[in-house]
Amino acid sequence: MPIKTWELDPNFRNEIMNEPGGEHLTACFQCSTCTLGCPITEIVPSYNPRKIIQMSLLGMRNEVLSNPDLWICAICQTCTARCPQDVVVGDVLAVIRRIAEKEEEAGNIKIDSPRPLFEKAFLHTVEKYGRLYDIGLAMEYYPKREGSFIKGQKAMMKDYMGFGMRMFFKGKMGPLGGGSPLKGMLPSKIKKKEVMKKIFEKVEGK
Amino acid sequence: MSEKKLAYYPGCPSETTAKEQDISTKAVFDKLGVDWAELEDWNCCGAAEAEDPRLVYALNARNLAIAEKDNRDIVTPCSICYYNLARTDKALRADEKLRAEIKEIDASLDYNGTVTPKHVIDFLVNDIGMDELKSKIVKKVEVKVAPYYGCYIGRPPETAFDDPDDPVSMDRLIELIGGENVQFSYMKTKCCGGPLMMTRADIAFEMARKILESAKNAGADCIALACPLCGMMLDAKQPDIEKALDIKFEMPIVYITQLLGLALGIEPNKLGLNKNVVDTKEIVGKVV
């Protein structure tokens, strides 16, 4: 479909470049090195970080922000390492994802991926305890992803039943681990949890 | 070797899924006579899930500041923790304004840029040094190893301590202990898919499959690695990957500190070799 020039947002590039990590966007000269080396493109051939950057430079804000491919980047930084123009491609994509999340929170777009829910669930445990709490993460993420508590439990069981048993029998989680019988089952907490609260309030309040 | 004492930053998986990495790292430190102490009241680095650099800087400034107060350098066995610590250290050293902003959140985040964060591999190979390690080796570990480095050892360039495409630090350790590195260079730094495991398991499994299959085809007895997320993906999820893709790998996955520990004469159980999901008895059997 042809690009509708009157729908382009010429300010989108500045929006990206004003965020930490997005500063070098305009250095891109479309060589495609990022995409050729990408391990995701190898598996999903339509995945194309070069194209996402070009669309951003053109100002195709809506198309970029609602592109589900944003959420299958594995943050492996191969693109960043290979970019001859030091665009820091991995960080640019992270900036675009953050803008997309804000737009979704404002009700302007819909993100077709559970990844924001996953990242939030992960960070909620860090905010609360100061450390990652796997079970807390899963208990928040799966019900939200599936839309109900029951469906969430089912999906979690399907993905993690075998894994959980392995962790149990190897003494990594649960009573066989020695020490506390609920090791790994209960969250590990830091003493200065109030500092975590301050950090998240400050960063998210911005 | 740095004269500073070490703050050991284990990272969150050390308490659960990557217990064997934690156990073996500490056992190796003790055997080598490293003066270490666990970083007091450490917090999560934000892993790959904290996408906002400001959040990463704040979380890691606290850990760096704790080590700074004790006049210690930080060593971590986790590649993602290393990346987050190292980029925070760099950013805060370079930008006074940023440092002031972070400090404003809480006085405990006041970091003055005097700590060097290191990955365990970097510390062993470059700080302890190959000669010193060689002098402590008492056993030969005659295994064929696929050395798998993953993402944050050779890239991104700002924090890397080895080559982005063909890193060698782990290869050198494997040679040192009497092992053989199989032909694996094209897979060494390919991502394991870990960050997509909870949201796109199909892609993540395919990424892990390539690594496991390449190691198997190259004739490796095991894959050696240095990141707990890679460990979770390649070891703990290996039976799930086998089931989903209807393939059998039965490929033992060991942390490099576990292999090194064997060569230093440490008992397998004291290296947590009973905690790896895929059985490691065959690997242990090759220690002479």
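Two strands are said to pair if DSSP finds at least two bridges between them, and strands (E, at least two residues) and helices (H or I, at least four) are DSSP runs numbered from the N terminus. The model is predicted, so that local features need pLDDT of at least 70 and side-chain atom pairs count only at pLDDT 80 or more, while totals for chains, interfaces and linings use all residues. Residues are numbered from 1 along each chain as its sequence is written, and chains are lettered from A in the order in which they are written.

In chain B, four strands form an open sheet in the order β2-β1-β3-β4, with parallel pairing. Because β2 (36-38) and β4 (117-119) of chain B each have a single partner strand, they stand at the edges, and one side of each is left without a neighbour in the sheet. Neighbouring strands are turned by 35° against each other on average, direction ignored, where axes are lines fitted to C-alpha atoms (for helices over the stretch in contact) and angles run from 0 to 180 degrees between N-to-C directions.

| Pair | Sense | Bridges |
|---|---|---|
| β1(B) and β3(B) | parallel | four |
| β3(B) and β4(B) | parallel | three |

Within these pairs, A7(B) stands opposite I74(B) in β3(B), and T76(B) stands opposite H119(B) in β4(B). Four of the five residues of β3(B) are buried (20 or more other C-beta atoms, placed from the backbone, within 10 Å of a residue's own), so this strand is largely enclosed by the rest of the structure.

Key: A residue is buried if 20 or more other C-beta atoms lie within 10 Å of its own, exposed if 12 or fewer, and partly exposed in between; C-beta atoms are placed from the backbone.
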